Amino acid sequence: IDNIEEDFRDGLKLMLLLEVISGERLPKPERGKMRVHKINNVNKALDFIASKGVKLVSIGAEEIVDGNAKMTLGMIWTIILRFAIQDISLYVLIGGPNFFLCPPRRHAQHICSLCHSWKDGLAFNALIHRHRPDLIDYDSLRKDDPVTNLNNAFEVAEKHLDIPKMLDAEDIVNTARPDEKAIMTYVSSFYHAFSGAQKAETAANRICKVLAVNQENEQMMEDYEKLASDLLEWIRRTIPWLENRTQEKTVNDMQAKQEDFRDYRCVHKPPKVQEKCQLEISFNTLQTKLRLSSRPAFMPSEGRMVSDINGAWHTLEGAEKGYEEWILSEIRRLERLEHLAEKFHQKAAIHESWTDGKEAMLTQKDYETSTLSEVKALLKKHEAFESDLAAHQDRVEQIAAIAQELNELDYYDSASVNTRCQKICDQWDVLGALTQSRKESLERTEKQLESIDELYLEYAKRAAPFNNWMEGAMEDLQDMFIVHNIEEIQGLITAHEQFKSTLPEANKEREAIQAIQAEVQKIAQSNGIKLSGANPYTTITPESIDNKWEKAMQMVPQRDSALQEELNKQNSNDTLRAKFATQANAVGAYIQAKMEEIGRISIEMNGTLEDQLTNLKDYQDTIISYQPEINTLEGDHQLIQEALIFDNQYTSYTMEHLRVGWEQLLTTIARTINEVENQILTRDAKGISQEQLFEYRASFNHFDKVRAPSSGLTAASPHRCCPFYADEVSVLGLRAKQNIIIYNRMCKNIKQMVLKGIFRCKFNPL
């Protein structure tokens with residue numbers, strides 16, 4: 001209440017004040033803002049006051065609604081006289097055990113018992129000093145001199161307050177348990193002396209306390225709404241980012257996205273996890289306080305319930321999983337595309353180098369002016385070219401297949417790839433047509449040509465495929481490779497070893513081809529033939545074969561080194577997998593064990609609630625101290641991702657599963673601590689002793705462990721913690737005498753708990 005003249009005008013806070021002070025429910029107020037609604041609310045409050053036997057003289061609803069300060073203050077004073085002071089008088093007369101004496105705050109005395117709390121005499125002096133500070137010099141009193149303290153209080157009370165000396169200081173100090181009734185009688189004399197001033201102050205304090213509790217609850221509601229709104233807004237802004245599937249052109253761009261996602265996981269999300277946990281704890285605490293104050297349960301705004309936040313959080317985690325899977329698949333796709341593109345350009349360059357000048361060769365008319373032997377040589381040379389052309393057909397088909405795969409995988413530069421591929425295909429068609437045309441021209445003149453050089457022809461026929469084999473071998477030796485596990489690299493090594501096993505046969509073929517050329521030279525020398533130049537049937541010379549052979553032989557150890565290096569890399573990756581798996585299995589087992597242990601602790605819970613709370617917080621600290629292991633595992637997981645390792649056969653755990661399990665473990669221990677704190681609040685509010693709590697818990701634990709034969713309840717039953725949870729539960733199966741005694745005692749305890757408001761259920765003693 002900030003302004004009495006204004007805050008009571010609508011009647012709402014007035015009705016709330018009466019409900020809190022009286023402990024009774026008033027009729028439902030009207031929520032309208034019009035004057036008639038306010039007057040009706042104030043009339044309901046005034047009618048309630050009148051029903052309690054209080055006469056309201058000249059106080060009407062219109063004066064309160066109009067903000068008449070005099071009438072409003074008179075009404076408040078009437079409420080205090082009726083509901084506050086009268087109750088306080090009765091409370092003190094019956095000897096309330098927790099009555100506060102309020103001298104200066106540094107000397108506040110708490111009366112726990114009417115026997116022992118008064119023995120040192122400070123409480124009597126504090127009581128007098130509170131109302132008459134001019135009679136007692138409280139600072140001069142000492143706790144270790146109880147007789148002097150008691151005599152001082154008795155003498156001042158008798159001399160200045162007309163309270164007769166009913167007690168003897170020595171009897172109180174020397175008696176282990178002073179007479180409680182005598183002390184209560186003597187204290188009641190002080191009440192009669194100070195009751196006039198005490199009543200008004202106590203009533204005001206009670207009103208202030210009620211209003212302070214309401215303001216604190218309202219502040220907690222506002223804090224919950226703000227925190228829930230901020231968290232939902234963050235989830236709303238984050239989900240579209242996680243659902244964005246815009247494709248990038250290169251692997252580096254996708255890895256940058258992966259780095260942003262890793263930063264989100266490690267930096268931005270953990271604080272939000274803490275906020276979500278704190279939100280649930282605040283909600284449960286607020287509901288407990290409202291229940292203890294007999295107030296209606298707090299209902300957050302639409303869309304801000306804990307279940308709504310949990311649903312939004314579940315959607316967020318689903319989007320996270322989808323986004324991570326998409327990033328990994330995109331990186332794989334782009335790696336595949338880059339490999340295919342490089343392979344395409346390499347093969348295209350080799351093919352274009354081979355076709356360079358072929359059109360000019362096929363279109364020349366040299367056979368028109370050549371001799372018969374020269375024409376025959378040209379014809380044989382053309383046959384060798386056709387053989388070479390057929391050998392290159394596979395490369396053209398490979399180039400077209402790679403271009404088609406790049407298109408199917410949506411390569412970003414597919415336009416230039418298609419243009420180059422189309423140019424190669426068109427050129428290949430032209431070469432085929434020109435080859436056919438030249439062959440027909442040579443065949444037309446073949447009738448006039450009879451001379452043939454068989455050795456040159458044989459050389460050309462054998463050299464062309466051998467040369468093509470060497471070029472293909474060199475391409476394979478230079479070909480890039482991408483593997484993801486040891487089996488794949490071992491397969492490549494095996495294929496390479498098989499290739500090396502064919503080299504002796506290939507060397508024999510090379511020597512045979514070179515022997516043909518040597519035979520040509522031998523025949524020419526023996527017959528005095530002057531060779532006009534190079535072999536007319538082929539452009540492949542023995543020198544080029546030797547050069548390519550030497551180059552291929554140099555590439556073999558280079559290929560061995562590259563494969564071995566990749567094998568070492570895969571072995572290193574396998575070591576990373578095993579290291580991560582070892583730690584992941586340990587962390588997963590730790591989280592599972594701690595979750596089971598928390599479940600066991602929450603059921604067994606020995607000792608007082610404060611001891612349980614301390615033990616749970618220590619247990620929470622132990623769990624939090626395990627965080628470095630999680631961070632170490634995160635570091636290993638980052639190394640695995642940086643090494644582009646996408647599978648791990650050594651463990652079934654993934655980092656995402658472990659993160660979720662760790663977050664659930666922290667949330668569970670925090671929720672358990674919150675439940676114990678709420679139990680403490682409930683116990684203190686309901687006035688339940690520690691012995692009663694132990695007896696209740698023993699009853700519950702007994703029925704947790706012992707199955708009722710007739711009801712079928714076991715430790716796994718959903719009602720195991722409270723056998724009388726349903727409307728009617730039969731326990732006729734408790735045939736043992738001991739169980740019947742325990743059950744009867746439990747029924748008695750539960751009836752008391754139901755009467756005190758701890759449980760709300762129907763109870764059937766059958």
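Leaving aside neighbours within four places in sequence, which residues is leucine 492 in contact with? I looked this up and found Phe481, Val483 and Leu563, where contact means heavy atoms within 4.5 Å.

I noted that this is a predicted model, in which local features need pLDDT of at least 70 and side-chain atom pairs count only at pLDDT 80 or more, while totals for chains, interfaces and linings use all residues. Residues are numbered from 1 along each chain as its sequence is written, and side-chain values use heavy atoms, with hydrogens and water left out.

**Leucine 492**

I placed leucine 492 in helix H17, residues 486-501; helices here are DSSP runs (H or I, at least four residues), numbered from the N terminus. Its relative accessibility is 29%, so leucine 492 counts as partly exposed, a class that lies between buried (under 20% relative accessible area) and exposed (over 50%), with a 1.4 Å probe and protein chains only. I also looked up leucine 567, which is 75 residues away along the chain, and its C-alpha atom is separated from that of leucine 492 by 9.9 Å.

**H2 and H3**

I found helix H2 (residues 12-22) packed with helix H3 (residues 35-51) at an angle of about 25°, their axes being 8 Å apart; axes are lines fitted to C-alpha atoms, for helices over the stretch in contact, and angles run from 0 to 180 degrees between N-to-C directions. The two helices, H2 and H3, are therefore roughly parallel, the word used for angles under 35 degrees, whereas those over 145 count as roughly antiparallel. From H2 the contact takes Leu12, Leu14, Met15, Leu18 and Ser22, and from H3 it takes Asn41, Lys44, Ala45, Phe48 and Ile49.

**H21 and H22**

For helix H21 (residues 627-642) and helix H22 (residues 655-686) I noted an angle of about 160° and axes 11 Å apart, which makes H21 roughly antiparallel to H22. The contact is made by Gln627, Ile630, Leu633, Glu634 and His637 of H21, together with Met655, Leu658, Arg659 and Trp662 of H22.

**The largest nonpolar core**

I finished with the largest nonpolar core, which has 42 residues, those with the most contacts inside it being Tyr224, Ile235, Leu316, Phe344 and Leu406; such a core is a set of buried Ala, Val, Leu, Ile, Met, Phe, Trp, Tyr and Cys residues joined through side-chain atoms within 4.5 Å. Two or more residues each come from helices H9 (180-243), H10 (251-292), H11 (306-355), H14 (393-408) and H15 (414-445), and H11 gives the most, with 16 residues.

Note on methods: Parallel < 35°, antiparallel > 145°, perpendicular 65-115°, else oblique.
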